[in-house]
Amino acid sequence: MAKREAAHGEETWRDALQAGERVGSGYALAPPRRVSAGFSGVQLADRPGSSIEFMDYRAYQPGDDLRRIDWSAYGRSDRLMVKMYHEEVSPHVDLVIDGSRSMALAGTAKREATLALAGCLAMAAANSGYGCAAWLASERFEPINHAAPRPSRWEVPAFDGDRSVGRLLEACGPPWRGRTLRVLISDLLWPEEPTMLLRRLGERAAGLVVVQMLAAEDVQPPETGHLRLIDSETGQWRELVVDASMRQRYLENLHAHQARWAEATRAVGAVMHRMVAESLLEAWDLRPLVESQVLRVK
Amino acid sequence: MVFVGLPLALLALTSIPILAAIYWLRRQHRQRVVSSLVLWEMPAQARRGGMQLEAVRAPWLFLLEMGVLALLALAAAQPWVVSGVRDEPLIVVLDDSFSMQAGARERAGERVRELLAEREAGTTRFILAGARPRWLSDDRGRLDEAGAVLEAWMALSSESDLEQAIALGREVAATHTPMLVLTDRAPPEEPTRGVRWEAFGEAAANAGFVNATRSSREAGTSRVMLEVASFAEVEIERTLRLSDGRSRELTLEPGQTRRLWFEAPARESLEAELSPDALSVDDRVVLIEPRLARVRVALDVQREDVRQPLQRALSTMETIVPGDARPDVRITDRPVADEAGATTWLLQVIVEESTRGYVGPFVMDRSHPLTEGLSLEGAIWAAGEGEGAGAAAHGGRPLIAAGNVPLVSERTQPNGSRVVRWRWQPEHSTLQQKADFPALVWNLIAWRRAHLPGLSETNVRCGRVATLRVDEDVETVRVMDPRGATEALAAVDGVVRVEARWPGVYDLAAGNRRYQLAANPLAAEQSDLREKESGVWDGWERPDVTEESQRHRDVAWVVLLAVLGLLGVHGWLIARQGWGW
């Protein structure tokens, strides 16, 4: 039964990746035009360069070429650091996919929509000549496209993380290098203040895009009555009598939460979009991304 | 302090735990996994970790429903409170029969005085139980003065329907209002719940008039019949005296009734009196000569074989007079184009040439006065076949028919007069040789007389109603009763009903006409005092409800109002909060 469910689940997200790949083939990534003071100030080029000029260091990630490890830097800092060259710096996009359990909420299309959007953005990046690294933020930042650049061939682990992206960054450190365009796809449903996360996420980034992916039932509270609500990530539960006033207060909290994130993203010069998973998979309306110049139609 | 009249109804309180169980089952929460509890955190609440329970919200709906159930159970238990403000209402039934005159009326009267002295004004109501029970009241709707009650309580009726009086009281009073019956006899069975029966009678030997009639005769005399009955266990002797000076000694065996006949001068009232005994009211009668209204009859018949039988029959009736001008009845065998006038009834005898002899069976409308006492057995009635000529134009209803052949039919004209159509061929009939023939003619005259101005009866029993028919232009009739009191009674459809409550002679004035009516207390069951007794048969739920301490007020209506209030709040909460069940 579990195997059948697992097989069915794999089938659905693989279909979602294929759909995203299909849609993304009609788009290309547009380089961010606005550079905030919070970023490193590096302007990415439109296409890869041929220079092998050393540009920067980043933390070693499993899978990196061992010949790039700067042993001198290791001797100084006791940290494995990898040299980055110009062709790695620009242009490149890091897709950070929130792999926490809430992103795979049963009965919703959040996981499928998230992977589909990631696949779409990956294809769009490829169409623009960008390099692309897709990271699943679950127990750690796990690369999911290093072995297969095409989204339909990604091997995606389970969404079983129980920490927010911010806490994961604190614990593991960012796996990406500098001067990349970073796109975060998450439901953003954690209680920490967004500003610190955004600053860390956008540290030495050429641009930052935040896409909040919510399920339809995240946007509209469940039915009324006596309910025991269980947090999909922490396992905590609350027993509530959900009535009209409770539903109203939920919606007010949601709007306030989204407003905080919108303000924080503006403060750091990032771009934020909100999507409803079921609607995305049904209609594939990417006009907001086009209008905000994240994507452009090929 | 609230008391309950039906404690068993409080068993309904067991519905409250059932309601609680229903709510507990309903509150079993459905589980639902959500992305995060972050958005369910209320701004005023601090974050907490781990397993936790939400504070239970105030169960207003549950409390309201529980309150409704509790109040309904209380209302069903008939709650009442002790009220120190007013006496409990009491209905008293007074036996108005004349047997009460043998001392029970005085003793019961003392009881009435006690009641009215003990109780608050307006809390006691009286019913006078005569032949037709009625409420005693004054302009305020009730009588609070003992004197006024006793004055109205004459106890002169020839009968007393106590059961009907109790039923009359129940029609108006609440179920638990106590009733008190004051009489001189024991109840026929145990009094029903809420009725207390108090008897003040005493068994005694008595003799009295039980019947008295007077009829008119020729030559200015009238015949009087008196019945005297003994209600004693031993032989008794009484002296009978008449107002014309005659007297007679009577010896009566135990339980014997003697019938006495006298001749009396016409047009004079006759009084008869017995020597006094335990009950004096039945020892005197007064009889007035009955004056039957004279009926003017015009006999306008051409055929000899028709006129002679009719003339013979009419000649036996003393109270008819020939009257060609404005007769009360016109009998004719002519075809009448212009039928009866407003005051003339018409008997049209139709002699048909082609006839059949009908031997019956005859079908008669027994509800009509024209057929009273008729049998037509063995009579041959010759008349035409079918409905006869002119039947359609006549359009009357058949009163006597031979199968489907109407023989006598009657129609009421718009002016109120009657037209009777009588199909009869005397040559081939034997009807005129039967006793039914003069009886039919007599019925016609009596029927017409009943519609002429005059009294239906001249001598009646006390408590009965005599009917006086008046002329069309008379609107009221002045009545002076034997006490000398006068009242005006309105005529309704030309009829005035006079209730003869008191024994003696009533004088009636209707326009230019004067009448006299005699009322006598004649009732064997009232004169018989052998079964009278005293005692108390108590059907009250609480002892002596006449005392001031036993006052209570039903408050079930207050409880039900509270239920309605709670239901209103319940509905408002549901509508306001959008709470689902």
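**Group meeting: charges, a sheet and a helix pair**

Hi everyone, let me start with a cysteine: A:C120 has a relative accessibility of 0%, so it counts as buried. Here buried means under 20% relative accessible area, exposed means over 50%, and partly exposed is in between, using a 1.4 Å probe and protein chains only. This is a predicted model, where local features need pLDDT of at least 70 and side-chain atom pairs count only at pLDDT 80 or more, while totals for chains, interfaces and linings use all residues. Residues are numbered from 1 along each chain as its sequence is written, chains are lettered from A and ligands numbered from 1 in the order in which they are written, and side-chain values use heavy atoms, leaving out hydrogens and water.

Over in chain B, B:C462 is buried as well, at 2% relative accessibility. How many disulfides does the structure hold over all chains? The count is 0, taking a disulfide as a pair of cysteine sulfur atoms within 2.5 Å.

Now for the charges. Side chains of opposite charge can pair when their charged atoms come close. Over all chains there are 35 salt bridges, each being a side-chain nitrogen of Lys or Arg within 4 Å of a carboxyl oxygen of Asp or Glu. One of them joins A:K110 to A:D187, with 2.7 Å between the closest N and O atoms. A:K110 sits in helix α4 (residues 110–127) of chain A and A:D187 in the loop between β7 (180–186) and α6 (194–201) of chain A, so this pair ties together parts that are 77 residues apart in sequence. Helices (H or I, at least four residues) and strands (E, at least two) are DSSP runs, numbered from the N terminus. Are A:K110 and A:D187 buried or exposed? Both are buried.

Compare the setting of A:R287 and A:D285, whose side chains form a salt bridge at 2.9 Å, N to O. A:R287 is exposed at 56% relative accessibility, and A:D285 is partly exposed at 34%. In chain B, B:R246 meets B:D244 at 2.4 Å, N to O; B:R246 is partly exposed at 32%, and so is B:D244 at 38%. Chain B also has a network, in which salt bridges with shared partners link B:R111, B:E114, B:R196, B:E198 and B:D538.

On to the sheet. In chain B, 6 strands make an open, mixed sheet in the order β6-β5-β4-β7-β8-β34, where two strands pair if DSSP finds at least two bridges between them. At its edges are β6 (134–136) and β34 (534–538) of chain B, each pairing on one side only. From one strand to the next, the twist averages 20 degrees; axes are lines fitted to C-alpha atoms, for helices over the stretch in contact, and angles run from 0 to 180 degrees between N-to-C directions. Strand β8 (residues 195–200) of chain B runs antiparallel to β34(B), joined by 5 bridges. B:W197 has B:W537 in β34(B) as its bridge partner. Helix α3 (residues 104–118) of chain B packs on the sheet, its direction making about 135 degrees with that of β8(B).

Last, a helix pair. Helices α6 (residues 304–315) and α8 (residues 436–449) of chain B pack at about 65 degrees, their axes 9 Å apart. Thanks, everyone!

Technical notes:
Contact = heavy atoms within 4.5 Å.
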